[in-house]
Structure formats: structure tokens, C-alpha cells
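Subject: Structure for you to look over

Hello,

Here is the structure I promised to send. Please open it alongside this note; my findings follow below.

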Amino acid sequence: MTATPLFSHASSPDRAGGAVSRAELVERERQRRLSLLAARSAGEQPEPAASAAQDPAGSAAADALPTEPALPDGFPDEMKWRSASTAAQEIAEAVRAAGFPSAALESQAARASQETLAALSVSAVLPLPPVRAVTVLAGRLAGFPDLLPYLQAARARALADDEPGRLPDTHTGPSASSTCVHGADPDEAWRHYTSYMKTIRWQRVTEEVQREMTLHLPLPVIDDLIDGGHLRARSVPPHGDRRAYLQARLDPVRLSAQDLADLGWDEEMTRRSFSARLAEGDTSALSDTSALTEDQRSLAADLALVGKTGRINASLLEKRWLWRALEELAPSSPVDTRMHKQFASWFLVRRISRRIRNGHVARLYDDHEKSATHFRHAWNEAGALKRLWTDGGWEAKNMRAYLLVLDADSRLRYEEALEEISPVAQGSGMREDQLSPEARTNLEHNRAVVRGLMQHRDSDYVLSPYAVLGVKDLAPEEEWKEAWRRIRRALRDRGRLDGEAAVNQAKDAIQEEQRGQAEVGSFRLLLSSRKWHVPLSGRAPSFAGSMPLPRRTAPATAEEQEYVRNRAAEAILRVACDNFRLPYPGVPCMVPTSESSLQ
């Protein structure tokens with residue numbers, strides 16, 4: 001059974017005995033005239049019409065035909081009407097095949113005016129997905145150009161072929177008059193679509209346009225562009241929720257510490273803090289190297305070897321910011337005082353003073369053998385260091401004087417101590433006037449202490465109460481008192497009453513000196529304690545080797561990849577609806593939900 005065309009005119013069912021009805025005769029004449037018009041348009045010579053003698057019934061019917069009714073409103077001629085009707089029929093067939101038949105288009109098309117037929121055609125495609133709807137319209141523009149305004153028609157054809165770049169740039173610029181009543185800006189949507197297609201095809205796109213894209217494209221699509229090398233660092237938007245993430249993906253070195261915290265990017269925080277932690281002597285930074293850069297892992301391996309062997313590789317000494325980490329990893333490492341004078345001075349001054357303090361702690365616990373060992377090592381190392389013509393050499397002589405006076409039982413010891421810290425002869429060492437003002441002041445103070453003790457020394461005198469408590473000379477009151485409480489509590493717990501008495505004596509000596517009641521002040525263990533706190537030029541280098549953040553989104557889905565094309569198609573349909581005062585039923589194309597994977 002043959003299907004009836006959507007827009008055909010049905011024959012009368014009342015024909016009797018093969019008689020030709022009047023309506024059918026009218027239709028035959030209409031078809032004949034349309035054939036003549038079509039033949040003339042194609043440049044063909046029409047066949048001569050049959051004579052009345054050959055077809056008397058036809059002749060009589062022709063004489064009886066009424067005047068041809070006018071074309072539907074808006075069509076200038078029958079060819080235009082025919083072309084538009086054909087296009088409308090194809091649109092009706094397309095939406096019916098897609099499962100969205102348009103009863104209005106099928107029932108009203110034959111008698112609809114040009115504007116109504118175009119409106120019915122546009123309305124018929126709206127249930128289709130946006131790109132498919134625009135494609136259906138674009139394919140019928142040749143026969144029915146009134147479906148879309150001129151600019152949107154050009155865009156529809158380009159979108160159907162997925163070739164937006166073939167339109168001139170003037171078709172993508174902003175236009176104040178292009179915003180449709182439904183709130184969508186068709187020029188903006190088209191600009192994003194064009195920019196995206198140019199980007200993925202390696203065509204030139206300005207950084208400003210790229211920044212605009214990063215604000216509107218689904219994040220998985222942007223991540224795909226970054227992974228493909230299509231976006232540059234300057235395309236990061238200056239603000240918004242995506243700024244920190246895209247900065248981390250494209251230009252992580254510009255991220256602040258707060259940005260890293262907001263992103264929860266622990267690996268980058270580990271890389272950035274690596275050098276700073278080592279500069280502070282925090283060797284726990286070496287425990288996990290998985291997040292480090294290649295250079296950082298190489299350095300971590302060298303430092304781990306230092307910790308394993310207990311010996312410092314000379315090649316590491318050039319990095320002064322590593323000195324505290326090296327001291328922590330190999331506190332007893334041998335040092336070449338002639339080849340590495342600066343490091344040897346810093347390293348040994350700190351080690352000698354540490355040995356002296358440890359010797360005092362051992363005494364508090366009545367471990368005289370351990371105490372003597374610490375003091376002996378301190379004496380020997382100071383003897384090696386004092387030969388250097390450096391500040392460290394003077395510090396070594398000062399600490400040897402301290403060890404001589406500590407348990408001095410004869411005048412000879414005091415004289416030897418004074419000899420250690422006396423001015424040097426010309427050409428035999430670093431001159432005293434080359435020392436810092438602080439060091440010269442403390443040196444004169446220590447000489448006065450030794451001379452005073454030569455005259456009289458009380459049995460309960462404490463040479464350096466700060467050293468007994470394990471703190472630096474002239475430490476703030478809260479610092480030395482906290483040390484005093486801690487040590488006293490530990491000694492009391494272990495029943496070391498003599499040790500507890502000794503720390504109480506150290507506390508009293510500090511207070512007496514602070515009140516100006518001490519007959520002889522305390523000995524300054526270090527001439528310039530601040531100089532040896534951190535190495536000169538020991539700041540950790542700023543980290544400039546940031547690694548890009550790995551993407552945190554899944555690969556873009558087909559829906560996400562088509563996002564800008566769908567938005568451009570929606571904009572074309574919205575303009576078409578506005579053009580015919582139709583409501584647009586579609587929901588605006590939102591950013592796909594997979595972007596929530598960043599949360």
C-alpha cells in the first residue's frame with residue numbers, strides 16, 4: 001500500500017463509474033501548470049497541449065475551470081511556494097523519523113503563509129537535540145531561506161559542517177543588538193565555539209580569547225586542551241574559582257602558599273618546603289622523596305649517604321644553606337680545617353660548645369667519665385681550630401680558656417687561660433681589632449672574670465650557669481627558667497639531689513648577676529653567639545622548579561566535548577524563535593556535572 005504524501009490533496013471518494021470529478025480536474029490543471037513552470041525554469045521546450053478534439057472532456061473541463069486561487073501570503077511566486085513546501089515536508093519527515101512528529105506542520109503546511117510555514121518548521125525541530133535541529137534547518141535553507149535570519153543561516157550551515165572558522169571574523173564579534181529576549185548572547189556563544197575549534201586545530205587564538213574560553217568551557221575539556229599543549233600559561237583567568245587550579249596546571253610557580261593549601265596540593269608543598277626544611281636542619285624532609293623533583297631526589301640521595309656514613313661530602317659544603325642539615329646528619333664528621341676554613345669554623349665552634357654543655361649535663365647526673373670524655377674532645381678540637389686565623393680560631397681559644405678555668409686548682413691554670421685569650425703577636429694570627437664589637441666586649445669581660453677568679457673564687461661559684469642549663473649565654477629569662485625547671489624535674493625524678501642542687505646554684509648565679517650582686521660575673525662561652533647560629537648566606541634558595549599539577553578531572557565525555565557546539569546551536573535556535581515570536585522550550589546548556597570531580 002503506497003503512503004500518502006504529507007502535503008498531497010486527496011481525490012474525492014464520490015467518483016462514479018470512472019467519471020472525473022471537478023476537484024480532480026482542477027488538481028490536474030494545477031499540476032500541469034506547475035510542470036510548465038518547472039520546464040521553463042529548466043530551459044526546456046514544453047510539449048504542445050492536446051487539442052480539444054483529442055480530449056473533449058479536458059477541453060470542456062478547462063473551459064469550466066474557475067480562476068486559479070492566489071498563493072498563500074508571503075510567497076512571491078509558485079516556485080518559491082513549491083520550494084518552501086518541499087523543504088517543510090522534508091523537515092516534517094525528519095522530525096517524524098526522530099520520533100517527534102509535528103501535527104501542526106503536517107496539517108497546516110499546505111495553506112500556511114510564508115511566515116507561518118517558517119515558524120511551524122522552526123517549531124517542529126525544537127524537540128530535537130540543538131545540533132541536530134540546526135543541521136535539519138541548515139539543510140533546507142536553499143529551498144526555504146526564510147527559516148533563519150541571514151547571519152544565523154550562515155552560522156547554521158557552518159555549524160552543520162562543524163566548520164565555524166570558515167566564516168569571517170566579523171561574524172564572531174560582539175554585537176549589542178544580538179542579545180535575544182531569552183537572555184542568551186548568540187555572538188558570545190558563537191565566539192566560544194569558533195575559538196575552541198581554532199584552538200584544537202592549532203590555529204592562532206589570542207591569550208585574551210583563551211582566558212575567556214577557560215571561564216566557559218567544561219573543566220574536563222580545558223584539561224584536555226592543557227594535556228594536548230593547546231593552552232599557554234597566560235591564558236589563566238585572573239580571578240574566579242578556576243584560577244588557582246588552572247594556575248597549578250599551567251604556571252604553578254606563581255601559586256601562593258594559600259593557593260596550595262586551598263587546592264590541597266601536598267606534593268607541591270613538599271617540594272617547596274624541601275629546601276627550607278633542610279636549611280633549618282629538619283632532616284625528616286628526606287624521609288619521603290616520591291613527590292620531589294629529579295634534582296631534589298638527587299640531593300636527598302647525597303644527604304642520605306652522609307647520614308649513613310657519618311662523613312660529609314666536600315662537594316655539599318658549597319651549599320651553605322645545607323650546613324645545618326649536614327651537622328644534623330653527621331655531627332661527629334671529621335673536617336678539613338685547611339681546605340674548608342669557613343665551614344670548619346662554623347661546624348667546630350658549634351660542636352665544641354655543644355660538647356661542653358653535654359659535659360655539664362653528664363656532671364649533673366654524676367657521670368664523671370662521660371663528662372670528662374666530652375670535655376677532652378672539646379679541648380682537642382679547640383686546639384685544632386685555634387690555629388685558624390678566623391673568628392672561629394678566637395672562639396676556640398676562648399673555649400679552651402673556659403676549660404682551663406672550669407676546674408682550675410692553681411694559679412698556673414688561670415695564667416694559661418689568660419694566655420689563650422691574650423692579644424696575638426703581629427703576624428701570628430687574626431688581630432683582635434678584626435673581631436666584631438660584640439666579640440671584643442665579651443673577650444675583655446672574660447679576661448676580667450679570669451683575673452678576678454685568680455684573686456678569689458668562692459666554693460659555690462658557677463663559671464657559666466647558662467652552659468650548665470644548656471642555653472646560650474645571656475638567654476632570655478623565660479628560656480633559661482624553662483630549662484631550669486625541666487632539668488630540675490628530671491633530676492628529681494631520678495633522685496639526683498646533687499645535680500638538683502647544682503642547677504639551683506646555676507639559677508641563683510644568673511639572678512645575682514642580673515641584679516648586679518655577683519662579685520665575679522659569669523664567663524661567656526661564645527664571644528659572638530649570633531654569628532654561629534646560622535651560616536652566613538645560609539638562606540635556602542627559592543624554589544623555581546614547580547611541577548604542573550596532574551589533572552583532577554576524568555577525560556572529557558562526548559557531551560562535554562560538544563558543549564560549545566551545543567551552546568552555539570542553542571543560540572541559533574533562540575534567535576530563530578525570537579524572529580517568529582516563538583517560546584524557546586530548551587533548558588540552557590549547563591556545564592556538565594563531571595566538573596564536580598574537583599570538589
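Glu 444 and Arg 447 sit 3 residues apart in helix 20 (residues 437-455), about one turn of the helix. Their side chains meet in a salt bridge, 2.7 Å from N to O. Please keep in mind that this is a predicted model. Elsewhere, salt bridges with shared partners join Asp 223, Asp 224, Asp 227, Arg 249 and Arg 551 into one network.

The structure holds 37 salt bridges. Two others deserve a look.

Take Arg 355 and Glu 381. They form a salt bridge, with the closest N and O atoms 3.1 Å apart. This pair links distant parts of the chain: Arg 355 belongs to helix 16 and Glu 381 to helix 17, 26 residues apart. Are these two residues buried or exposed? Both Arg 355 and Glu 381 are buried.

Then take Arg 411 and Glu 415. Their side chains also meet in a salt bridge, at 3.4 Å from N to O. Both are in helix 19 (residues 411-420); they are 4 residues apart, so about one helical turn separates them. Glu 415 is partly exposed, at 40% relative accessible area. Arg 411 is partly exposed too, at 48%.

Next, the surface. Which residues gather in a patch of negative charge there? They are Asp 366, Asp 367, Glu 369 and Asp 498. Asp 367 is placed in the loop between helix 16 (341-364) and helix 17 (368-385). Its relative accessibility is 33%, so Asp 367 counts as partly exposed.

Helix 16 also contains Ala 344. Ala 344 has 0% relative accessibility and therefore counts as buried.

Now the interior. In soluble globular proteins, nonpolar side chains tend to be buried together. The largest nonpolar core here has 72 residues. Within this core, Leu 105, Leu 117, Val 125, Leu 147, Leu 148 and Leu 159 touch the most other members. A second, separate core has 64 residues, including Trp 321, Val 405, Leu 463 and Leu 526.

Last, the backbone. Most residues other than glycine have a negative phi. Which phi does Asp 162 have? Asp 162 is not a glycine, yet its phi is positive, at about 55 degrees. Asp 162 is found in the loop between helix 7 (150-160) and helix 8 (186-200). Its relative accessible area is 21%, so Asp 162 is partly exposed; the buried class is for values under 20%. Leu 474 also has a positive phi of about 55 degrees, and is not a glycine either. Leu 474 is in the loop between helix 21 (465-468) and helix 22 (477-493).

Best wishes

Technical notes
Residues are numbered from 1 along each chain as its sequence is written. This is a predicted model: local features need pLDDT of at least 70, side-chain atom pairs count only at pLDDT 80 or more; totals for chains, interfaces and linings use all residues. Side-chain values use heavy atoms; hydrogens and water are left out. Patches are made of residues with over 30% relative accessible area and no salt bridge: like charges are joined within 9 Å, nonpolar side chains (Val, Leu, Ile, Met, Phe, Trp, Tyr) within 5 Å. Accessible areas come from the Shrake-Rupley method with a 1.4 Å probe; for residues, only the protein chains shown count as cover. A salt bridge is a side-chain nitrogen of Lys or Arg within 4 Å of a carboxyl oxygen of Asp or Glu. Lys and Arg count as positive and Asp and Glu as negative; His and the chain ends are not counted. The place of a charge is taken as NZ of Lys, CZ of Arg, CG of Asp or CD of Glu. Helices (H or I, at least four residues) and strands (E, at least two) are DSSP runs, numbered from the N terminus. Buried means under 20% relative accessible area, exposed over 50%, partly exposed in between (1.4 Å probe, protein chains only). A nonpolar core is a set of buried Ala, Val, Leu, Ile, Met, Phe, Trp, Tyr and Cys residues joined through side-chain atoms within 4.5 Å.
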